[in-house]
Structure formats: C-alpha cells, structure tokens
Amino acid sequence: MRSTKAIISLAAIKHNLTVLKSLAPSSKVVVVIKANAYGHGAVEVARYLKDEVCFGVAIIDEALELRKAGIDASILVLEGALGSDELDLALDNDLELVVQNSQQLQKILDKAADYSGNKKLNVWLKFNSGMNRLGFASSDYLSIYQQLAECSLVAKITAISHLACADNINDPTTQAQLDQFKLVTKDLPVEKSFANSAGIIAWPEVHFDWIRPGLALYGCSPMAGNMTGESHNLKPAMTLVSKLISIRKVSKGVAVGYSCGWVAERDTRIGVVAIGYADGYPRHISQGSPVLINGKRYSVVGSVCMDMLTVDLGVDDTIELDDKVILWGEGLPLDEVAKNANTIPHTLMCAVTSRVKYEWLDD
Ligand SMILES: *Cc1c(COP(=O)(O)O)cnc(C)c1O
C-alpha cells in the first residue's frame with residue numbers, strides 16, 4: 001500500500017465537537033459534513049458520530065449517499081432542493097430542506113396541493129441578513145413564513161441565516177446581520193440558526209438554537225489572522241503523510257527541479273517526498289514552507305511536481321530513505337500550510353485526491 005496517506009482522527013473530530021458544544025451549551029448542532037466532510041469522509045464521520053441528531057450537507061446527492069450508508073439522523077440540505085425531482089427525493093428520504101429562493105418555495109406549495117403521501121417536510125427558511133448570496137429579504141420574509149406555516153406539507157420551520165464576516169471580531173457586519181436577523185424573527189415561534197464555526201467561537205450572541213460547525217470540527221481555526229486550531233483547543237483531524245523516496249547530495253550552485261527553480265546556496269542534501277499536486281498538495285506553496293520529518297521542520301524547495309516534491313534536508317544526515325514526512329496535521333498545523341499556499345485550510349482539506357489512501361482511526 002502506498003505510504004502517501006490521509007490519516008483521519010475521528011476522535012479528534014469528536015473532541016472538536018465537544019469543544020464547540022461547550023462554547024454553545026444551550027444549542028443543538030447541525031454537524032456540517034458537506035463536501036465529503038471537508039475531505040475527511042462523510043460516511044465515516046457520520047457513522048462515528050452516530051449519536052448526533054442532525055448532519056448538514058450542501059446538496060441532495062450528499063444526503064442520499066448518507067442515507068444509502070444507513071445514516072438515519074436528520075440531514076439538512078443547505079442549498080435546498082435544486083433539480084426538478086429533488087423535492088420528491090427529499091420527501092422520500094426524510095431530508096430537511098433549506099428554502100432560499102421563491103422557486104423552491106413555489107415547488108413546495110405546488111407539491112402540497114396534489115400530495116397524497118404521508119410524509120411531512122421540515123424546512124429551514126433562509127434569511128438574507130447581509131451575506132447577499134442566498135435567502136429572502138426582510139420585506140418578504142414574514143409573508144413567506146406565513147405561506148409555509150399554512151402549507152399542509154410543512155411540519156416545522158426553522159429560521160436560518162449565514163454570517164459573512166464572523167472571522168473578524170472587529171468587523172461591524174456581524175452585529176448588523178444579527179440585528180436584522182433578530183428583528184425579522186422576533187415574533188416568529190421558531191427555532192433559529194445562525195452560527196458557523198467563527199460565529200460559535202467568537203460571537204456568543206449568534207448561537208441561538210442550532211449551531212452549524214464545519215471547519216472547526218476538522219481542527220482548523222476559522223478566524224482571520226495567524227491563529228491555528230490549537231489556539232481554540234481544537235485538534236487536527238487530518239494528518240497528511242508521505243515518505244522520502246530519494247535523498248541526494250547537491251553541491252552549492254546546483255539547480256533542482258523543473259525550470260531549475262531552486263539553486264542550492266550551500267552544499268546540502270535534497271529529499272524527494274512521494275506527494276505532489278496530483279495528491280492535493282498545493283503547487284503554489286511558497287518556497288521554504290515546512291514539512292515535518294522525525295519531529296523537525298524542513299523547507300519545501302523548488303517546484304511541487306505532480307507526484308513529488310523536494311525538501312532541503314541540509315547536511316543533517318540522521319534522515320534516511322523511507323522516513324515518514326508529515327505535510328500537515330499532527331505537529332504541523334494545516335492553518336499554517338494554507339497561509340503559505342495563499343489560501344484557506346478548507347480548500348486544502350477538500351482538495352486531497354482519490355489517489356491518496358485514507359485511514360480512519362477512532363482512538
Ligand atoms: C458550510 C456551511 C457552514 C459551516 O461553515 P464553517 O465556516 O466551515 O463552520 C454553516 N452553514 C452553512 C449554511 C454552510 O454552508
């Protein structure tokens with residue numbers, strides 16, 4: 001078996017969930033496992049967290065995959081029903097739907113008119129509090145709520161909105177969004193949901209009845225700046241590992257890799273690691289970004305290739321062929337690697353490809 005692996009600590013995910021619950025002790029949780037649990041394996045994560053009451057996914061297909069795997073908790077589809085048959089699929093499979101545009105609303109009302117089945121739908125009515133992506137405006141929200149409340153197909157309505165700038169504690173947008181959300185829902189007899197990971201960690205007033213953690217579950221910081229998951233007492237869920245498949249001496253002045261992209265400034269040793277951009281390691285990582293070998297950091301140098309990357313091992317000759325290399329995770333925060341790749345941790349988690357072997361550990 002190839003030694004380039006994503007090792008997923010299910011126990012770390014559970015630990016992170018416990019930390020987030022302790023920050024919002026009165027809230028229930030929509031455990032967000034869209035995009036294959038941000039690259040961690042949605043079915044495996046849902047099976048491990050089998051006592052959770054609700055999972056969140058982006059699209060119907062993700063929900064159906066969980067149902068097929070035997071997950072019988074509530075599943076909330078965050079974009080709602082999109083294709084023409086998705087409302088039927090949602091009813092048949094007991095999925096909960098966000099209603100975020102008027103076509104989705106109309107389909108539910110139309111369906112109710114000629115529905116003879118015995119299923120009911122839980123809907124999460126999306127309010128546009130300032131993200132300006134999905135959801136209804138203040139001016140329409142109450143009348144749409146009323147139509148859903150009177151709809152025979154609808155069992156329960158929950159008010160939902162999404163934060164745009166919660167990662168920055170100095171941004172006034174969050175308070176403005178909160179004011180809007182409170183105002184529009186103040187007379188409605190509904191449960192409310194507002195907080196993503198950053199909202200849970202940094203904005204206690206947005207917790208309401210249901211928190212919706214994603215990124216923080218997987219151990220990274222949702223906050224802007226240079227924080228890591230560890231600063232919130234979160235543990236890394238994914239450790240991406242590979243090994244050294246070549247070590248060679250290069251003399252001062254010798255170029256390494258495509259385009260002769262890096263030139264040794266001193267005599268050194270170059271280690272070749274069996275992972276590249278075809279595995280999901282970012283090609284645009286900055287020169288000098290660290291990897292971890294035997295607990296010590298070494299710099300990525302030269303260009304990241306499709307299947308390999310090169311690191312400067314220096315003259316330290318304690319390192320040997322086949323030694324394990326950690327690209328991110330245990331001991332090397334993904335938050336930091338993402339910064340070096342000029343991106344956010346979400347993109348790197350999601351980008352690990354199917355060529356990488358997955359191992360799920362539950363202790
Ligand atoms: C993805 C998503 C979340 C989780 O967001 P994180 O920032 O990863 O915690 C919560 N709510 C909605 C509607 C989402 O789409």
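Visitor: From which domains does the lining of the second largest pocket draw at least three residues each?

Guide: From both domain 1 (10-223) and domain 2 (238-361), with bounds taken from an automatic or database domain assignment. A pocket is an open set of points on a 1 Å grid over the protein atoms alone, where a 1.4 Å probe fits and protein lies on both sides within 12 Å along at least five of seven lines; lining residues have an atom within 4 Å of a point. By the way, this is a predicted model, where local features need pLDDT of at least 70, side-chain atom pairs count only at pLDDT 80 or more, and totals for chains, interfaces and linings use all residues. Residues are numbered from 1 along each chain as its sequence is written, and side-chain values use heavy atoms, leaving out hydrogens and water.

Visitor: How much space lies in the second largest pocket?

Guide: About 410 Å³, a volume being the space filled by probe spheres set on the points, which are joined across faces, edges and corners. It has 31 lining residues, and Pro236, Thr239, Gly329, Glu330 and Gly331 are the closest to its centre.

Visitor: And how much space does the largest pocket hold?

Guide: About 850 Å³. Here 38 residues form the lining, with Lys34, Tyr38, His162, Asn196 and His346 closest to the centre.

Visitor: Which element gives the largest share of that lining?

Guide: H10, with 3 residues. Helices are DSSP runs (H or I, at least four residues), numbered from the N terminus. Helix H10 (334-340) is one of those supplying at least two residues to the largest pocket, as is helix H2 (34-39).
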